[in-house]
Structures are given as C-alpha cells and as structure tokens.
Amino acid sequence: MPYFPSATKSLLSKCLTRDIWEQCKDRRDKFGFTFRQCIFSGSKYTESGVGVYAGSHDSYYAFSPFMDRIIEAYHGHKPSDKHLSSMDYNSLKCPAFPPDEDKMINSTRIRVARNLAAYPLGTQISRSDRKEVERLVTSALSEFTGDLKGKYYSLESMTDAEKKQLIADHFLFKGGDKYLQSAGLEREWPEARGIYHNDAKTFLVWVNEEDQLRIISMQQGSNIGQVFSRLADAANKIEQKAKFANDDHLGYISTCPTNSGTGLRASVHINLPKLMRNKELHQSIADKYHVQIRGIHGEHTETEPRPTSCITRHILDQRYPSTNRALPLRQPVVSSWQFGWLRAALLEQVPSPEWPMDLCHCICRYWCGWDAEDHARV
Ligand code: ARG
C-alpha cells in the first residue's frame, strides 16, 4: 500500500483505506489498466489534490470500491445517483447581466471534457488508437462552417511561426505536466496531439491532451448564452461523427474523476484588485461559494502578479430529475482561464471586497438557475 506522509491531503490518501487497497490492489479494467496505475500519480506526488486517473470508462466500475468513494467525496454523487446532463442551449436561462456587473467581467469561457466511447482513455490508449482518435476528431472538425470554421494545428508539424502565435494567444498546451506524465498521458508526446481554433479565436479544441477532447468556447464580455450555444453546437456536431463515452450514472466519462458528469467548467475572468491584496478574504469568499480562484494561465498557475482572478464552478448534475432544480456540487471544482490579453481596465474600481459574492451569485443563478439561498444550503 502506498505510504502517505502525515501532511498529505489528497483525496487518494483519504479514500484509500487498507481494506479498499486489499480489495482492489490486483484488479485491472477490461483494457488491462491496473489499479496501481490508477493511483500512481497521487502515490508519487503526494501533494496532489486528487491523485487518481482512470484508464477507461470501465475503470470506474472495475475499481468501484475505490472510485465510488472518490466520486462521492469530490462530487457528493452516490453510487446509486443518476446523472442528467443537457447540452440543449435553448433550455439555458441566461438573461444579460445588469450593466454594472457586465462591466466587471472581462471574458467568459466554458469548456467540456469529452472522450470517445470506442477507445480507452488517454492513460491507456495505444499509439495507433490515439492517431485514430485524432483522425476522427479532425475529420469532424474539418466539416465545420460559419462561426466554427477554422484550422487544426498538429503539435508535431506546426511551424515555428504558428507555435509562436498560439503561445502568444495562450492557446497552446505544452506538455511537461508531471501529473499527466505520471498517468501515462504524455506517452509519445507530441504525436497525435493538436489544437483546432476557429478564425475568430472564440472556439478551440484540444486533441489528446488530458482528455481526448477539450472543447472550449470563449469570448470577451459576459454573454454566457452565446458562449454556451457555440460550445453545445460544436460538441453536438462532433458527437454525430464519434460517440462520446457516457452513462446515466457518471455522465460524460473523463480521465480525471474531477471532470466526470457534465465535464463542464464555466469561468469568468474578472479583475479583483482589492481582493488580490487580501488573499485570505479572497479565498474565504471563493470557498463559501464553491468556486476556485486561478491565475490567468489556468490550472496550477499563480494569480499574482496580475491583479486578475477567475471564479468558476462546474456542475456534475445539472438538474434534480424530480423537481427540475439545479443540483449543486458539494465540492468546488477547478477552473482555468487562458486569456492573458483580456485584462480590463477595472483596476481600483471595485467598490468593496464584497462585490464578488454578488457576482458569483449572479453567475450561478444564470448558469444553473439557483440563488444565493440554494447556495448557502450546499
Ligand atoms: N492530478 C492532479 C491532482 O490531483 C490534478 C487534478 C485535477 N485537475 C485536472 N486537470 N484533472 O492534483
């Protein structure tokens, strides 16, 4: 059984009891991915927040004594719970923000993580299947027209000028992430990896990074409806060509259990100059509303020195089937933001450190139809 120093806080260390280890230690999923591979990254990097990666859709069931605990601890989602996720943008209620709130939001980004049903996840996929995933996805993307029309840049073959531009746009994923490496997600890097973006740079797809697809929609301003519609439209079109792994308990299947469910993360990029000087207060507000603060360059990046942060939330279950009410997650989930160039001129304009709460409320209210009172009950 892995040894965890006493300061270890990862979910892996909390969920992996001796008993569960004994039950699972020699298990494999149906693609041959072992339980030890599943927990390797968090065993090696004890500073992990979670420390677990699945090898395939089947890992969630083959290792269920353990995976059920991880999913429940992170998402509050029990083994008997059903997941309901809707990419129908017509049912999204999102009236425009009032002008004062709108002014505070530099940009809005929503992404979903998706994997193809016909293959194991990136942790376990073979070299030839990974290429096949790239081929399938890029052939679907090549048929995109209108607002979604764009170009695929393969990491292997892009020119230096393209690379420079993609770095300048903060679009490029670079590899070299120790967590992904330890999970086998960077094998044969950069082969079969790449980035698609539309001409307006409001729509992006990452191919064969942590998940086989990260479908991303973003634009300046606070128009959540537009951002989500673009995303849903693209995801639905890709799915017509290549089915996504999904089931009615877990929703969309992701490599990291944090993303299971909708696979969705919505974030806004806002300036909070006063709060940036009071990290404790900033963090306590974020914790209270189950959102995470991140640097402008995404996960594991610092919020400093730029006085910019983002507040996001993502949703495992969008609706309680019985009441059609939104079901909030119990745990915060991470967010990321890539728009370095979108810093607004809000510096020093924040009226009080309290206002982000209202902003969170309105984002949550518009996004999932719940109010501050619901939030407080979570
Ligand atoms: N494996 C890392 C950890 O446990 C990242 C977890 C969440 N982030 C992600 N990109 N899946 O800390």
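Helix α8 crosses helix α11 in a right-handed manner. The model is predicted.

**α8 and α11**

- Helix α8 covers residues 127–141 and helix α11 covers residues 224–241; their axes come within 9 Å and cross at roughly 125°.
- The helix α8 is therefore oblique to α11, because angles from 65 to 115 degrees count as roughly perpendicular and those over 145 as roughly antiparallel.
- On the α8 side, the contact is made by L136, V137, S139 and A140, which meet K237, I238 and K241 of α11.
- By residue class, this contact of α8 with α11 consists of four nonpolar residues, one polar and two charged.

**Ligand shell**

- The ligand is surrounded by twelve residues, and the closest are S48, G49, V50, Y179 and C256.
- Six residues of the shell are polar, four are nonpolar and two are charged.

**Loop between α10 and β3**

- The peptide bond joining W189 and P190 is cis, with omega about 0°.
- A192 also has its place in the loop between α10 and β3.
- Although A192 is not a glycine, its phi is positive, at about 65°.
- Most peptide bonds are trans, and most residues other than glycine have a negative phi.

Notes:
Residues numbered from 1 in each chain as written. Predicted model: local features only at pLDDT ≥ 70, side-chain atom pairs only at ≥ 80, totals over all residues. Near = placed C-beta within 6 Å. Nonpolar A, V, L, I, M, F, W, Y, C, P; charged D, E, K, R; others polar. Axes fitted to C-alpha atoms, helices over the stretch in contact; angles between N-to-C directions. Helix = DSSP H or I, 4+ residues; strand = E, 2+ residues; numbered from the N terminus. Parallel < 35°, antiparallel > 145°, perpendicular 65-115°, else oblique. Left-handed = near helix turned anticlockwise from the far one by under 90°. Contact = placed C-beta atoms within 7 Å.
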